[in-house]
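This report goes through a model of two chains. Look at the sequence and the structure first, then read on.

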Amino acid sequence: MYLYPIKPERAEPRAERGLRVCYIIGHLRFGGAERQVVNLARHMTRAKSYIVCLGQPDRGGLSGLLPADVEVVWIGLRARYAPYHIGKLAHRLRDIAPDVVHTHMFWPNVYGVLAATLAAVPARHRDLRARQEPMEDALALLCRTPHRVAPRA
Amino acid sequence: MLRSTTLASWRHRSAPQINRQRHLAALIAEGRLAPNAVAIHVFGGGVQTDDERRMDDLGLSGLLVKHDPVNHATILRYLRGADLLYLPSGRDVRYALPFKLFDYLSVHVPILAVAPKDSAVADFMQEVDCGEIADIDDPEAVRDALSSLLLVRKQYTFRGAERYTWDAIALRYMGILDKDLVCTARTGDVFIPDKA
């Protein structure tokens, strides 16, 4: 049983609609992980990309490099209202109905993994970072979310 | 004597990175490199006070050129105009390839990589003929690599760089996703969550 099941009208066969990938990250101002998200979204020609940013909308920065067909969603997330915002994020994921959720950095990993689990997203990935946080690892284990490093040759 | 060597950077450099500029200072002090032949460009964000102090200590503050934030195309123009591009990588991120590398490769300018021996950057530099790698723990190796790039001017083929374009990386990433979703992707079925 899931709190936020995918909407039936979004659940058409993947062969017809193509893959939907949703990246969850804190912002798109600057940074390596942020550039990875933007570059992957720009070059994923066989998939529809969505980027969910857990912060206030940025002006300029890396979001200016995104093509028009990449949808960027801003959810101003605050730790004080975490349960509410996790629910809001899960609700948004239900609308997007992604096949894959890929989270980056600590808080997006924590919030994103929980929300994607609530929304029953089929595949969830989080990026491996230099310093692993026990809480993040425990949560990911609980939600069966593997980690991945940036794709290398 | 070499003219117009530019080391380009995206943002401010951290203290250890500035520290490594002492090899540049040594080459200039020995008269092997003209002081006006080198510039360190810093784009956006400014330079931290500690870093400026270190640059002063090394006598390199005259090389520093500060810029306001610029767009990506302008950065690529600066990269194209450089004689070498500096690629540092720390000990704590051995597994990672810095993202500036992909822009460096796109302009086909020789790279000076300073990284741990057992790092992704070291593996990459072995795989692609695009410049010199120096061990981060060996100051002499850094100096030799810098001399080799600036004074010998060896030609590099950049063979293998095509595997590191964003198109190629996105294709491999799609492969990873397809593999994870193999059951549903092959049948075209859709994951329907429990409605109970």
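Chain B has an average pLDDT of 77, and 75% of its residues score at least 70. The model is a predicted one, with an ipTM of 0.77 and a pTM of 0.71.

The highest mean, 94, belongs to strand E6 (residues 131-135) of chain B, and the lowest, 41, to helix H9 (residues 182-187) of chain B. Two stretches of chain B keep a pLDDT under 50. In residues 1-18 of chain B, where pLDDT stays under 50, the model has 52 contacts beyond four places in sequence. In residues 183-196 of chain B, where pLDDT also stays under 50, the model has 23 contacts beyond four places in sequence. Where pLDDT is low, the predicted coordinates should not be read in detail.

Along the sequence, the elements of chain A come in the pattern α-β-α-β-β-α-β-α-β-α-β.

Burial and contacts can also be given chain by chain. Of the 153 residues of chain A, 39% are buried. For chain B, 29% of the 196 residues count as buried. Among contacts in chain A with a separation of 6 or more, 64% are between residues 24 or more positions apart. In chain B, residues 24 or more positions apart account for 72% of the contacts with a separation of 6 or more.

| Helix pair | Axis distance | Angle |
|---|---|---|
| H3 (residues 82-96) and H4 (residues 106-118) of chain A | 8 Å apart | about 55 degrees |
| H4 (residues 72-80) and H5 (residues 100-107) of chain B | within 9 Å | roughly 60 degrees |

Take the pair in chain B. The axes of H4(B) and H5(B) cross at roughly 60 degrees, so H4(B) is oblique to H5(B). The crossing of H4(B) with H5(B) is right-handed. Leu76(B), Leu79(B) and Arg80(B) of H4(B) make the contact with Asp103(B), Tyr104(B) and Val107(B) of H5(B). By class, the residues of this contact are four nonpolar, no polar and two charged.

Now the pair in chain A. The angle between H3(A) and H4(A) is about 55 degrees, and the two helices are therefore oblique to each other. H3(A) and H4(A) have a right-handed crossing. On the H3(A) side, the contact involves Ile86(A), Leu89(A), Ala90(A) and Leu93(A), which meet Tyr111(A), Leu114(A), Ala115(A), Ala116(A) and Leu118(A) in H4(A). The contact of H3(A) with H4(A) has nine nonpolar residues, no polar ones and no charged ones.

## Two residues with positive phi

Most residues other than glycine have a negative phi. Which values does phi take at His108(B) and Phe158(B)? His108(B) is not a glycine, yet has a positive phi of about 55 degrees. Phe158(B), also a residue other than glycine, has a positive phi near 60 degrees.

Where in the chain are these residues? His108(B) is in the loop between H5 and strand E5 (111-115) of chain B. Phe158(B) is in the loop between helix H7 (139-152) and helix H8 (166-180) of chain B.

Are they buried, partly exposed or exposed? Phe158(B) has 16 other C-beta atoms within 10 Å, so Phe158(B) is partly exposed.

The two residues also meet in the model. Apart from neighbours within four places in sequence, Phe158(B) is in contact with His108(B), Val128(B), Asp129(B) and Cys130(B). By contrast, Ala115(B) is 43 residues from Phe158(B) along the chain, and their C-alpha atoms are separated by 19 Å.

Conventions
Residues numbered from 1 in each chain as written. Chains lettered and ligands numbered in written order. Predicted model: local features only at pLDDT ≥ 70, side-chain atom pairs only at ≥ 80, totals over all residues. Helix = DSSP H or I, 4+ residues; strand = E, 2+ residues; numbered from the N terminus. Buried ≥ 20, exposed ≤ 12 C-beta atoms within 10 Å, placed from the backbone. Contact = placed C-beta atoms within 7 Å. pLDDT = per-residue confidence, 0-100. Axes fitted to C-alpha atoms, helices over the stretch in contact; angles between N-to-C directions. Parallel < 35°, antiparallel > 145°, perpendicular 65-115°, else oblique. Left-handed = near helix turned anticlockwise from the far one by under 90°. Nonpolar A, V, L, I, M, F, W, Y, C, P; charged D, E, K, R; others polar.
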